[in-house]
Protein chains: 2
Amino acid sequence: MRYLTVNDMEYLAVGAAVLGTGGGGDPYLGKLMAKQAIKENGDVKLLDLNELPDDKLVIPSAMMGAPAVMLEKLPNGKEPETALRAIESYTGKKAFATISVEAGGLNSTIPVYTAARLGLPIVDADGMGRAFPEIPMVTFSIGGVRASPMICCDEKGNMVILETIDNAWVETLSRTVTVAMGLSSMISLYVMDGKTVKRLAIGGTISLEIEIGKRIIESNRKKLNPVDAILELTKGFRLFEGKVTDVQRDLTTGFVRGKAKFEGIDSHKGSSFILEFQNENLIGLLDDRPVAMVPDLITVLDRENGNPITTEHLKYGQRVVIIGMPCASIWRTKEGLAQVGPRYFKYDVDYMPIEELVKRKRL
Amino acid sequence: MRYLTVNDMEYLAVGAAVLGTGGGGDPYLGKLMAKQAIKENGDVKLLDLNELPDDKLVIPSAMMGAPAVMLEKLPNGKEPETALRAIESYTGKKAFATISVEAGGLNSTIPVYTAARLGLPIVDADGMGRAFPEIPMVTFSIGGVRASPMICCDEKGNMVILETIDNAWVETLSRTVTVAMGLSSMISLYVMDGKTVKRLAIGGTISLEIEIGKRIIESNRKKLNPVDAILELTKGFRLFEGKVTDVQRDLTTGFVRGKAKFEGIDSHKGSSFILEFQNENLIGLLDDRPVAMVPDLITVLDRENGNPITTEHLKYGQRVVIIGMPCASIWRTKEGLAQVGPRYFKYDVDYMPIEELVKRKRL
């Protein structure tokens, strides 16, 4: 066990955005919220998975919707705890700890915010080891945990409780509610006991995020480039170096859907790269051929300082390094690929692990 | 106090559709459900408003969405009681009776179904004295009652509980949920005590519906035309006689929006009539000039037998009588017109009572 400090939030936000693969929300806002809550309420206990009692309740805390909207429609600050307390009151059970459902600038920091405000520990783990765009795309769901009862809260004070027949209906109904709430909501769902969390969660995510963030921030202080350090920590690959030549985004479905185009520089001069996303980066095409695809991670880094760039911050002219990282092994099982593989996202390709794709391309 | 019998359901369904002003759902399905439930569980106690104890709880039961869809997406029969029981369990209070929120083929019979299944009495009243398309359009809302907590249930077994900051947000969120559930849901909302019901409900609606239905059915047995009897009971006016020449409907918003055109016959030969609707008939134009408008009632009757024709059953070639009836006086107040007057529905006209419009036209 250790404690998460205000300073850790600087690291966590940046590292989480690397694993957020373009989605998971802007790191800035979540960081501010978490820092403020720790300042006011004290450091937050970070529990290793093996420190979690089997029979205690864990209630995740998260944000849903198009993260870009959160920058304009600021939370009032009460929604995350309202959502968690509402699920306690609805189920008649108290939370022992909270946990992150996904890695990402917002969804790694919001649970720390909630933990600080409510005086709860947070588990050093998450349900994805990265970010994904839809509710059932968590290891908990693959392992048979029900997403409902689920709570959605908005910044105006509206609350919706969902009880559904399966996790796909949670996604359908909570998405439509979140769109009606103004494209974002704070949520609480996947109520689990400690035993289930230990069986299904991806351990060490928070620590890994902090470590990645620390390397990036410390490298920047020393005027060093942190990309190699990120690749070492995540067992990742350098896929492309280039500049952004086009970005298309569409918010109408409650997701940020779109694509970005890049033109190669230096060793990639003459090559092109296309990145398609739905909140998160889904597939990367090097000279029109897939070089990384879901569920493996694809992240765009600022070429100068290695800072991760989320899809909502991609802009014409940015010089970037695009990296790919292998996903947690559960996503490469038949059940995992059915839920988050390229065919789920309507790509007519069979999944190939990034290690193999990279070997073929001799990157 | 009296009891509602299987036979009363024949009358109630038809009479309710007259006050349903084209909406409120198809009378056939609700009638079947209510008859079956009474057969299995016994007659349902019908309480006069003055028989209702001040401190007892009344929980309305209703259907939401595009009624046309209910004919293809049949309820499983459990949703109405599930919705009512869920609101009891959520609020921790037991219902003493149920009540209808609106007059209409489905929404007058579904509460009887729910009452029969749960062994509850039903109050002889409703919240509109007619049908309206949106959640806040009930006298309860005008009187300051909160629509939430509200429950929406679908036939698959999904349930949504709404807690909102106002009744407009209940409309927004429950409408989007109902559309996602497949365009219809069974709902429970506007939990009130008896005192509030007595202060705000429109009394005698169920009895009036039964009386109207009885006149129509008995006239048909005697090969007589019941239109004059309907006008007598409802203080209504004969607005037009003609045949349907065109019907346009759009279901995409979760409402049945559209218009029907009619060509005059007999005394109206050479004249035309246009009827615009959003689930319910909103405005009637005789030779392009308004002759009746919300909140007054406009209903299309079959010219041969006086049976009401809901908007989803309007068809090319039907020969009809269009009648208009004055609404309950609460709808003619400033607050009432702000919620359900012609300007709320985007018509650029000031409300004029049907009695005056009819006088001008010398119908």
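These legends walk through several close-up views of a predicted model.

Residues are numbered from 1 along each chain as its sequence is written, while chains are lettered from A and ligands numbered from 1 in the order in which they are written. Local features in this predicted model need pLDDT of at least 70, side-chain atom pairs count only at pLDDT 80 or more, and totals for chains, interfaces and linings use all residues.

**View 1. Chain A is divided into two parts, domain 1 (2-203) and domain 2 (236-361).** These bounds come from an automatic or database domain assignment. Taken over C-alpha atoms, the centres of domain 1 and domain 2 of chain A are 25 Å apart. In chain A, 28 residues of domain 1 are in contact with 25 residues of domain 2; contact here asks that two C-beta atoms, placed from the backbone, lie within 7 Å. On the domain 1 side, the elements giving two or more residues are helices H1 (6-19), H3 (67-70), H6 (139-142) and H7 (167-180) of chain A, and H1(A) gives the most, with 4 residues. Helices (H or I, at least four residues) and strands (E, at least two) are DSSP runs, numbered from the N terminus.

**View 2. Here chain A meets chain B.** On each side of this meeting, 16 residues of one chain are in contact with 16 of the other. Strand S8 (159-163) and H7 of chain A are the elements that give two or more residues to chain A's side, and H7(A) has the largest share, 6 residues. Chain A's side divides into 9 nonpolar, 5 polar and 2 charged residues. For this count, Ala, Val, Leu, Ile, Met, Phe, Trp, Tyr, Cys and Pro are nonpolar, Asp, Glu, Lys and Arg are charged, and the others, Gly among them, are polar. The copies meet through the same surface, because 100% of the interface residues of chain A are also interface residues in chain B.

**View 3. Strand S8 of chain A pairs with strand S8 (residues 159-163) of chain B.** The two strands are antiparallel and share 5 bridges; strands pair if DSSP finds at least two bridges between them. Look for A:Val160, whose bridge partner in S8(B) is B:Leu162.

**View 4. Strand S2 (residues 44-47) of chain A joins strand S1 (residues 2-4) of chain A through 3 bridges.** S1(A) and S2(A) run antiparallel, and A:Arg2 has A:Leu46 as its bridge partner in S2(A). S2(A) also pairs with strand S6 (residues 122-126) of chain A, this time in the parallel sense over 2 bridges. There, A:Leu47 stands opposite A:Val123 in S6(A).

**View 5. A:Glu304 lies in the loop between strand S17 (297-302) and strand S18 (308-309) of chain A.** A:Glu304 is exposed, with 12 other C-beta atoms within 10 Å. A residue counts as buried if 20 or more other C-beta atoms, placed from the backbone, lie within 10 Å of its own, exposed if 12 or fewer, and partly exposed in between. The C-alpha atoms of A:Glu304 and A:Gly242 are separated by 12 Å, and these residues are 62 residues apart along the chain.
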